[in-house]
Amino acid sequence: MKVLVIGGGGREHALAWKLAQGARVQRVYVAPGNGGTALDPALHNVPLCTPEELADFAAAEKIALTVVGPEAPLAAGVVDLFRARGLRIFGPTKAAAMLESSKAYAKAFMQRHGIPTALYGSFTDAAAAHAHVDKHGAPIVIKADGLAAGKGVVVATSKAHAHAAIDDMLGSNTLGVQHNAEGARVVIEEFMAGEEASFIVLCDGKQVLTLATSQDHKRIGDGDTGPNTGGMGAYSPAPVVTPNVHAKVMHEIIHPTLAGMAKDGVPYTGFLYAGLMIDAQGQPRTVEFNCRLGDPEAQVILMRLKSDLFEVLMHATEGTLDQVELQWDRRTALGVVMAAHGYPQSPRKGDVITGLPAPDAEGTELQVFHAGTAQRDGQVVVNGGRVLCVTALADSVRLAQQRALAAVREIHFDGAQWRNDIGHRAIRH
């Protein structure tokens with residue numbers, strides 16, 4: 001069987017690495033891939049980007065299964081195109097992916113279907129948005145409505161901070177948000193206190209299968225300081241998701257979301273990621289939805305998955321997820337992201353990376369997943385903001401953290417940034 005993974009980031013490297021271990025998988029293509037997928041003898045990069053090119057390739061190569069990694073191809077309707085051509089693909093349709101591609105759509109959906117989330121307002125007019133902030137004060141959360149590669153959210157600790165974020169998102173757009181068809185829009189939410197967790201499930205349109213829990217670390221600096229990023233590291237499982245919280249999330253968020261999408265005539269297939277805020281009483285609310293595996297959550301979740309991912313996703317595309325039970329490594333997986341100089345505002349490209357360990361096909365205890373890397377003149381170089389995710393398995397969070405950081409310190413590129421405290425909440429518990 002041949003498999004195609006769409007995307008070129010760390011999540012896609014992890015997906016391709018895991019799919020390549022499938023008993024029936026003969027070849028895994030990654031489009032366009034990165035420097036790490038190019039180095040792995042089990043994976044094959046193909047320089048394709050548009051939905052049409054990808055569908056033509058899948059048809060010509062008789063690809064048995066295509067898996068979509070990032071949000072942009074989903075929002076562009078790649079799943080709709082593949083299905084129209086009779087090609088098997090795992091991911092949500094363009095209409096279903098609106099849960100991620102439009103914050104305003106997602107908030108209205110949650111309100112309509114009684115899914116717990118923060119109170120909010122939606123604005124295209126800057127004056128009205130500023131007035132809302134003046135009325136409600138800070139802390140307050142400002143979100144760009146379109147896709148922003150994980151960086152379109154500002155947790156404003158002061159009114160001035162909030163006003164500046166509104167001016168950026170509705171005006172200068174330094175974050176490079178891809179605005180939706182009706183133009184620039186911001187969603188302004190009440191600030192939710194608590195602990196975040198990532199709750200990711202597989203959906204086949206009717207049934208749902210939960211993946212292992214995880215927790216991402218969004219801020220650039222140790223102690224959760226500095227600006228938000230696409231994610232500086234993660235670990236799995238997340239102790240904050242107790243059995244009681246897990247049951248509440250399924251009952252109050254996941255099942256109502258899938259039922260609501262079906263009721264709205266947009267049945268949901270693919271990965272569904274609910275970003276949660278869990279308060280001191282253990283009550284979960286939805287921060288946001290993503291229509292894909294998280295990054296860097298994918299890296300730690302897939303390190304722990306013992307089941308054959310290819311067979312699981314074949315069931316998901318057949319609508320037979322109820323026949324699957326996932327097997328997990330009992331150990332903790334922890335991933336530390338190494339980011340480029342200048343990330344997240346202006347990452348510098350071209351720095352040479354040295355000290356990378358050889359790819360380990362089994363990845364029993366340590367795996368380096370590439371994200372923003374490329375091969376140039378026989379060297380691996382920085383080619384994006386988040387460069388690598390060094391991921392380790394161990395018997396405790398602290399040991400996994402130590403193992404990952406020991407590997408991080410062996411890898412070098414100029415200006416590398418990473419956090420030394422990934423997993424600190426679980427260690428503190």
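This is a predicted model: local features need pLDDT of at least 70, side-chain atom pairs count only at pLDDT 80 or more; totals for chains, interfaces and linings use all residues.
Residues are numbered from 1 along each chain as its sequence is written, and side-chain values use heavy atoms, with hydrogens and water left out.

Let me start with the overall fold. The chain has 14 helices and 23 strands, where helices (H or I, at least four residues) and strands (E, at least two) are DSSP runs numbered from the N terminus. Buried residues make up 58% of the 429, and here buried means under 20% relative accessible area, exposed over 50%, and partly exposed in between, with a 1.4 Å probe and protein chains only. If we take contacts, meaning heavy atoms within 4.5 Å, between residues at least 6 apart in sequence, 69% of them join residues at least 24 apart.

Turning to the cysteines, how many disulfides does the structure hold? There are zero, with a disulfide defined as a pair of cysteine sulfur atoms within 2.5 Å. For Cys 291, the nearest cysteine sulfur is that of Cys 203, 9.5 Å away. Cys 291 is buried, with a relative accessible area of 2%, and Cys 389 is also buried, at 3%.

His 132, in helix 8 (residues 126-136), is buried as well, with a relative accessible area of 19%. Leaving aside residues up to four places away in sequence, His 132 touches Phe 123, Ile 140 and Ile 188.

Now to the backbone, where two peptide bonds deserve a look. The bond from Ala 31 to Pro 32 is cis, with omega near 0°, and Pro 32 belongs to strand 2 (residues 27-32). Asp 295 and Pro 296 are also joined by a cis peptide bond, with omega about 25°, and Pro 296 sits in the loop between strand 17 (284-290) and helix 11 (297-304).

Finally, Lys 62, which is not a glycine, has a positive phi of about 55°; Lys 62 lies in the loop between helix 3 (51-60) and strand 4 (65-68) and is exposed, with a relative accessible area of 70%. Asp 224, likewise not a glycine, has a positive phi of about 55°, and is partly exposed at 22%.
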